[in-house]
Amino acid sequence: MPRDLFRAELAELQDEVLVLGSMAEKAILDSMEALRDGDPAWSRKIIEDDMNVNKKRFEIEDRCLFVVASQQPMASDLRALASILYIITDLERIADHAEGIAKINLMLGDEPLPRRLGYIPGMADRAVAMLRGSLKAYIDHDVDSARQICDADDEVDRLQDSVYDESIKAMISDPSSVQRNTYLIWTAHNLERIADRCTNICERVIYLVTGKMEEINVSKY
Amino acid sequence: MPNSISLQPSEIGQRADSGTFSGISLEAENVIVPNEPIAISIEDWNLWYGSKQAVTHVSLKIPENKITALIGPSGCGKSTLLRSINRMNDLIPTVRSEGTVSYRGVNLYGPGIDPVEVRRRIGMVFQKPNPFPKSIFDNVMFGAKVNGFKGNQNELVERCLRRAALWDEVKDNLKKSGLALSGGQQQRLCIARAIANQPDIILMDEPCSALDPIATLKIEDLMRQLVKEYTIVIVTHNMQQAARVSDYTAFMLTDERVTGHLIEYRSTADIFTNPKDKRTEDYISGRFG
C-alpha cells in the first residue's frame with residue numbers, strides 16, 4: 001500500500017496523543033489525592049511534572065507540523081493531523097488545570113485533615129471518566145460515544161453548582177471558612193474546565209470522522 | 001459508425017451504437033452544480049477512440065471566472081474531457097462522441113458550429129511549452145493575425161505579455177526567439193499567445209509539469225490573476241497544485257467497470273478536506289494513482 005511511512009508516522013503520533021492523555025490523567029488523579037491528603041510535597045511534584053506535559057505537547061506539535069510540511073496530507077489524513085494538533089492543546093490545558101488544583105492544595109497549607117471536599121471527588125471521577133472516554137472515542141473513531149461523553153458534562157456542571165451552593169452556605173454560617181471554601185470553588189472550577197476540554201476532544205473526534213465542525217454540548221460555564 | 005471524425009459538426013455527436021455501458025447506473029450524488037453563472041455545461045458526455053471508450057456519461061457544470069481542476073490517475077479521461085471542451089479531439093482520427101458541451105447555451109458540437117471559432121474563444125495551453133520558432137512578438141501576434149486582427153499590434157503584444165506576467169522580463173528584447181526563453185517564460189509566452197486571441201476560456205493541460213517549482217508558482221499566481229477575466233479549466237497530476245490554485249475540483253477515474261467516469265465534483269475546499277466518495281479520498285490521500 002502506498003504511503004506506508006506516512007501511515008506509520010500517523011499511527012505513532014496517535015500513540016503519542018495517548019501518552020500525553022495518560023500524563024494529563026495522572027496529573028488529575030495525583031492532584032486530587034494530594035488535595036485529599038494535604039500533601040504539599042506531592043503537589044510540588046505535580047507542578048514540576050507539568051513541564052514534562054508541556055514538553056511532550058510541543059514534541060507532538062513539532063512532529064505534526066513536519067508531517068504536514070513533508071507529506072502534504074489531504075482529506076481524512078489532513079483531518080487526522082489537524083485533530084491531533086487540537087487534542088494535544090486540550091490535553092495540555094487539562095494538565096494545567098490539574099496543576100491549578102495542586103497549587104490550591106499548597107494555598108490551603110495547614111488546613112486540618114481529613115478535608116471535607118463534598119462533591120469535588122465526584123466531579124473529579126466524572127472528569128477522569130470523560131477524559132478516558134473521549135480518548136477511547138478518538139482511537140475508535142466512535143462518533144456515538146463522543147456524543148454520549150459530552151452529555152456527562154451537564155452532570156459535572158450540576159456538581160459544580162452544588163459545590164458553589166454548599167460553599168456559600170458554609171461561608172455564611174462560618175465566616176472563618178471563607179478562604180478555604182473559596183479555594184474549593186476554584187478547585188471545582190478547574191474540574192469543570194477539564195470536563196469542558198473533554199467535550200472539545202469529542203468535537204474533534206466528530207470532525208475527524210465526519211469532517212463536520214459542530215459544538216455538541218455548550219457548557220453553562 | 002464513422003471510423004474517423006469529420007469537422008462537419010452534424011456528424012459529431014451522433015449517438016454511438018455501442019451499448020457497452022447501457023444499464024449501468026452511474027451515481028451522480030457527489031457531483032454538485034455550482035451556484036454561480038455557468039460558462040461550460042457538459043451533459044452526458046461520452047467519447048471513444050475507435051472502439052475504446054475514454055469518457056463515459058460525464059455531466060459537469062464549469063462556472064465562469066473560476067478555476068476548475070480536473071484530477072485523477074493516468075488514463076482517467078481528464079485530458080480527453082478537457083480537449084472535448086474546445087473540440088481539440090476533432091483533430092484525432094477515429095474519435096467519436098455523444099452528448100453535449102454547451103458554451104453560453106450553444107452546443108459546441110451542434111450543426112453549423114465552426115471549430116476554429118470554438119478554439120479562438122476557448123484557448124488552450126499545453127503540457128510542454130510550445131512556442132513557435134519565431135520572435136516573442138510574432139509568437140504573441142500569431143493567432144491574432146490568423147484571426148484577422150486589425151488593431152495596434154504593439155499595444156496588443158504589450159497587453160498580452162503584461163497579463164501573462166512576462167512583459168517586464170522581455171520588453172527590451174521582443175525580437176528574441178521565443179525558444180530562447182526559459183521553460184517557465186516559454187509557458188507564460190504560450191499563455192500570452194492564447195490571450196491574444198481574446199478567448200473567454202483558457203484550458204490548461206498540465207501547464208506546469210515541465211517546469212521547476214519557482215516557475216510553477218509563477219504560473220499559479222498568474223492563473224489567479226487571469227481568472228478575474230477568464231474562466232480557467234486545468235488538468236493536473238499535482239494534487240497540491242489543484243488544492244492551491246483551483247476553486248472547484250472534479251475527480252475522474254477509470255476502473256474495471258467504467259472508463260473515464262466523473263466520481264466527484266465539488267468545491268476544492270470540500271473535496272480536499274472532506275471528500276464524500278471513498279475513491280476520491282483514497283486518490284487524494286495518495287493511497288492509489
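Which residues touch the most other members of the largest nonpolar core? In this predicted model, local features need pLDDT of at least 70 and side-chain atom pairs count only at pLDDT 80 or more, whereas totals for chains, interfaces and linings use all residues. Residues are numbered from 1 along each chain as its sequence is written, and chains are lettered from A and ligands numbered from 1 in the order in which they are written.

The core holds 135 residues, of which Ala24(A), Ala127(A) and Ala192(B) touch the most other members. Such a core is a set of buried Ala, Val, Leu, Ile, Met, Phe, Trp, Tyr and Cys residues joined through C-beta atoms within 7 Å; buried denotes 20 or more other C-beta atoms within 10 Å of a residue's own, with C-beta atoms placed from the backbone.

In chain B, an open sheet of mixed pairing comprises 6 strands in the order β6-β7-β8-β3-β9-β10. Strands are DSSP runs of E of at least two residues, and helices are runs of H or I of at least four, numbered from the N terminus; two strands pair if DSSP finds at least two bridges between them. The edge strands are β6 (122-125) and β10 (261-267) of chain B, each pairing on one side only. Strands β3 (residues 67-71) and β9 (residues 248-253) of chain B pair in the parallel sense over 4 bridges, and Thr68(B) stands opposite Tyr248(B) in β9(B).

In chain A, the axes (lines fitted to C-alpha atoms, for helices over the stretch in contact) of helices α2 (residues 40-71) and α3 (residues 75-108) come within 9 Å and cross at roughly 170 degrees, with angles running from 0 to 180 degrees between N-to-C directions. Helix α2(A) is therefore roughly antiparallel to α3(A), a term for angles over 145 degrees.

Conventions:
Buried ≥ 20, exposed ≤ 12 C-beta atoms within 10 Å, placed from the backbone. Parallel < 35°, antiparallel > 145°, perpendicular 65-115°, else oblique.
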